[in-house]
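Thanks for coming, everyone. Please bring the structure up on your screens, and we will start at the ligand.

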Amino acid sequence: MQPLIYLDNNATTRPAPEVIEAMMPYFTESWGNPSSMHAFGGNVARPVAQARESVAAFLGAERPEEILFEGCATEADNHAIFGVTSAWGQPGTIITSRVEHPAVLGPCLRLKEQGHNVIEIGVNAEGLFDLEAYAAALEATPGPKLVSVMWANNETGVIFPIQRIAELGKAAGATVHTDAVQAAGKLPIDLRSVPVDLLTIAGHKMHAPKGIGVLYVRRGTRMKPFVLGGHQERGRRGGTENVPYIIGMAKACELASTALTDGSEKQIAQLRDKLEAGLLATCPDSRVNGCRTNRVPNTLNISFEYIEGESVLYHLSDRGICASSGSACAAGSLEPSHVIRAMGVPFTAVHGSIRFSLSRYTTEAEIDSTLRHVPEVVAEMRALSPFVKH
Ligand code: PLP
């Protein structure tokens, strides 16, 4: 059987062997509950405290107590949005973008149903955030405000100007949250210079396993707990700490710090650019979705006009190449993704969009192999397409 080629790293990443190695003792030997007063508790409470420090250092947080460990990024996004708005005690305004992940759009929809004012800021044809509309929305809305805007888009990789978004939001008295799930490990994050109040990251998008997320909460941010229970996380998130995964998250952050400085991310960008240039050259009527000069280094979203992305994926999968149709969440649905639609991608291309997302484990041989297979599949599909003149 041919080896599989994994190009779906924005959906999830391979857990790094170093991460698994760091986690193992916390399954086999140090399996205590960090809240216990006896030695079993102490044996894990100290490593959890160190892990909190590592994650704080990775993000440039001032204090380890600003780091909350949660079950996943979806929980962290829900916590940020419901936590802040439930502390208001009155209806207010939530400003978000039209291209957020459902982990943000879902809570916003619920808040709208409950009487809050939700404003979704649009993007242009390149997927870039409309800063002017955002500034106008901030100015036009009295009362309490929450901004929740992603740092980088999961489907196109397009980066939003989060520093400016945060500065404008803070100047208007808003609490500012960013979903940085697709930025973490791909772009430097430094909370000393980016004045957001809340930030979400996910372990499994940066080579830790699934089952761990982080919510950064800047000191002084007013919010209520979302998961009610024990006194864990200083009463801000109930539930016994998931010790092995917390240790794994910290290790993944350490590895990501190194990858951001040792040239690994540049290498990923070079491979992505090779894939992009090769596909544009060999597949006529293809177009890149999203601003090519303002993207995270690992992501390529490309449309092959006149054909269905889903069928291309299916045939690529047969050849051992694993990619995605933009949004993993939209997979299985025939609706084009809300991100691609928000960018106004033409009808002929909207259904043919495919996301290739690389990681530091992607090799040049894998990209070369992909470059051989994709044009063949696209040509085969086009030969069958009713939209192509034969
Ligand atoms: N936010 C973004 C930008 C994402 O890409 C994802 C996952 O794809 C999530 C949130 C949710 O992450 P999880 O499913 O791990 O909770």
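Which helix gives the largest share of the shell around the ligand? Helix α4, residues 73-88, with three residues. Keep in mind that this is a predicted model.

Let me read out the shell. Around the ligand sit Cys-72, Ala-73, Thr-74, Asp-77, His-101, Met-150, Asn-154, Asp-179, Val-181, Gln-182, His-204 and Lys-205. By class, that shell splits into four nonpolar, five polar and three charged residues.

Take Asp-179. An N or O atom of the Asp-179 side chain lies 2.6 Å from a nitrogen atom of the ligand. Next, Gln-182. One of the polar side-chain atoms of Gln-182 is 2.8 Å from a ligand oxygen atom. Then His-101. Here a polar side-chain atom is 3.4 Å from an oxygen atom of the ligand. How much of the ligand does the protein bury? On its own, the ligand exposes 390 Å², and the protein buries 86% of that.

Back to α4 itself. The helix has 16 residues. From first C-alpha to last, α4 reaches 23 Å, close to the 22 Å expected at 1.5 Å a residue. Is α4 mostly covered or mostly open? Mostly covered: 14 of the 16 residues are buried. Just after the helix comes Gly-89, with a positive phi of about 70°.

On to the strands. Look at β8, residues 213-217. Why is β8 described as largely enclosed by the rest of the structure? Because five of its five residues are buried. As background, side chains in a regular strand alternate between the two faces of the sheet. In β8, one side carries Gly-213, Leu-215 and Val-217, and the other carries Val-214 and Tyr-216. Each of these is buried, so both faces of β8 are covered.

Which strands pair with β8? One is β2, residues 67-70, antiparallel to β8 over four bridges. Another is β7, residues 198-202, also antiparallel to β8 and joined by five bridges. Find Val-214 in β8. Phe-69 stands opposite Val-214.

Start with Glu-233, in helix α8, residues 232-235. Glu-233 is not a glycine, yet its phi is positive, about 50°. Is Glu-233 buried or exposed? Buried, because its relative accessibility is 6%, and the cut-off for buried is under 20%.

Compare that with Asp-285. Asp-285 sits in the loop between α10 (264-282) and β9 (286-288). Its phi is positive too, near 55°, and again the residue is not glycine. Asp-285 has 41% relative accessibility, so it counts as partly exposed.

Where is it? In the loop between β10 (299-304) and α11 (309-318). Ile-307 is buried, with a relative accessible area of 6%. From Ile-307 to Leu-199 is 108 residues in sequence and 38 Å in space, C-alpha to C-alpha.

That is the tour. Questions, please.

Key: Residues are numbered from 1 along each chain as its sequence is written. This is a predicted model: local features need pLDDT of at least 70, side-chain atom pairs count only at pLDDT 80 or more; totals for chains, interfaces and linings use all residues. Side-chain values use heavy atoms; hydrogens and water are left out. A residue is near a molecule or strand if one of its heavy atoms lies within 4 Å of it. A polar contact is a pair of N or O atoms within 3.5 Å; within protein, one must be able to donate a hydrogen and the other to accept it, and residues adjacent in sequence count only if both atoms are side-chain atoms. Accessible areas come from the Shrake-Rupley method with a 1.4 Å probe; for residues, only the protein chains shown count as cover. Helices (H or I, at least four residues) and strands (E, at least two) are DSSP runs, numbered from the N terminus. Ala, Val, Leu, Ile, Met, Phe, Trp, Tyr, Cys and Pro count as nonpolar, Asp, Glu, Lys and Arg as charged, and the others, Gly among them, as polar. Buried means under 20% relative accessible area, exposed over 50%, partly exposed in between (1.4 Å probe, protein chains only). Two strands pair if DSSP finds at least two bridges between them. The expected span of a helix is 1.5 Å times one less than its number of residues.
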